[in-house]
Amino acid sequence: MSIKHLLLTLTLVLITAVAQAADPLVFDDPTQEERYNELTLELRCLVCQNQNLADSDAPLAQDLRKEIYDMMMAGQDNEQIKTFLVDRYGDFVLYRPKMEGNTLLLWLMPGILMVIGAIAVFFTVRNRNRRLAADRQQG
Amino acid sequence: MIGRLVPVILFLALGILLAVGLKIADHKTEIPSPLIGKKMPEFTLPVLGQPEVMVSHDELIGTPFLLNVWASWCVTCRVEHPVIEELARSGLIRVVGLNYRDEEADAQAWLARFGNPYALNIADITGRTAIDFGVYAAPESFLVDPKGNIVFKQIGAVTPEVIQQEIVPRVAQWSKAP
């Protein structure tokens, strides 16, 4: 394949990507558009569960994006929109789940693991220093 | 001595964590519905094939029913179809269809080809009512009690086991308590 062909192919691939990503939505101002983009990134597509609503092309994701857009246009805030979805699909739609009894471990685990790691490093370093000091004394 | 054991213990703990994760992962695609125990969502939709006849949630309350969300494009619905047909024939419970995001002609052709077990078919062309029901993949089925509360949701095909274990006991309870 010549360079020309390669470039043409690349361009076409990029154009399709853009064409797929674009929803023909009209916003009042850029802040609103940003809000929409952030919201759809934070919400899970339930059909393809490891994608967010913004990335998914599943029909349900399209429906839900439209629903979110309509709710925004009706003046609802982010909390109201999230509550709407959680009431129907459960906490699972939120990529950032609320801090609750059953999600506490999920939220605290990174911190707990950090502390365990820090303690492990501390003891390893101290033991090594002691051993080195002992070696030096002997030598 | 204890220092030597720490990595082993950590390794075992990690192993247990991953094993539990794998166990849970099997059920992860099934999302527990927050609608269980709640009133069924409100709607007013046309009957499939009769756009001028509207049905609302109110009209369905009183007699328990299974709301079966299906579509002609849904492959699993075809697999499920004989089970739904058998359930309807048994007279155990009224079966109401919610035709989801479908073309009317396709839906009618599907029923003509495979048989129509539904006492009533409601057409949700836009899928808006399905969103209120928290539907994310057809087939899904909702068991609604005589008061109009959703008491059970099946994600994926209804099987004879599901009927025996989930539907039969509940229906028996309702017929006992008037």
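Guide: Chain B is divided into domain 1 (1-30) and domain 2 (31-176), the bounds coming from an automatic or database domain assignment. The C-alpha centres of these two domains of chain B lie 41 Å apart. The model is predicted: local features need pLDDT of at least 70 and side-chain atom pairs count only at pLDDT 80 or more, while totals for chains, interfaces and linings use all residues. Residues are numbered from 1 along each chain as its sequence is written, with chains lettered from A and ligands numbered from 1 in the order in which they are written.

The contact between the chains takes 13 residues from chain A and twelve residues from chain B; two residues are in contact if their C-beta atoms, placed from the backbone, lie within 7 Å. On the side of chain A that touches chain B, the elements giving two or more residues are α3 and α4 (78-89) of chain A. Helices (H or I, at least four residues) and strands (E, at least two) are DSSP runs, numbered from the N terminus. The largest share of that side, five residues, comes from α3(A). By class, the side of chain A that touches chain B has seven nonpolar, two polar and four charged residues. Here Ala, Val, Leu, Ile, Met, Phe, Trp, Tyr, Cys and Pro count as nonpolar, Asp, Glu, Lys and Arg as charged, and the others, Gly among them, as polar.

Helix α3 (residues 59-73) of chain A also has a partner within its chain: its axis and that of helix α2 (residues 30-42) of chain A come within 11 Å and cross at roughly 140°. Axes are lines fitted to C-alpha atoms, for helices over the stretch in contact, and angles run from 0 to 180 degrees between N-to-C directions. In that contact, α3(A) contributes A:Arg65, A:Ile68, A:Tyr69 and A:Met72, and α2(A) contributes A:Gln32, A:Arg35, A:Tyr36, A:Leu39 and A:Thr40.
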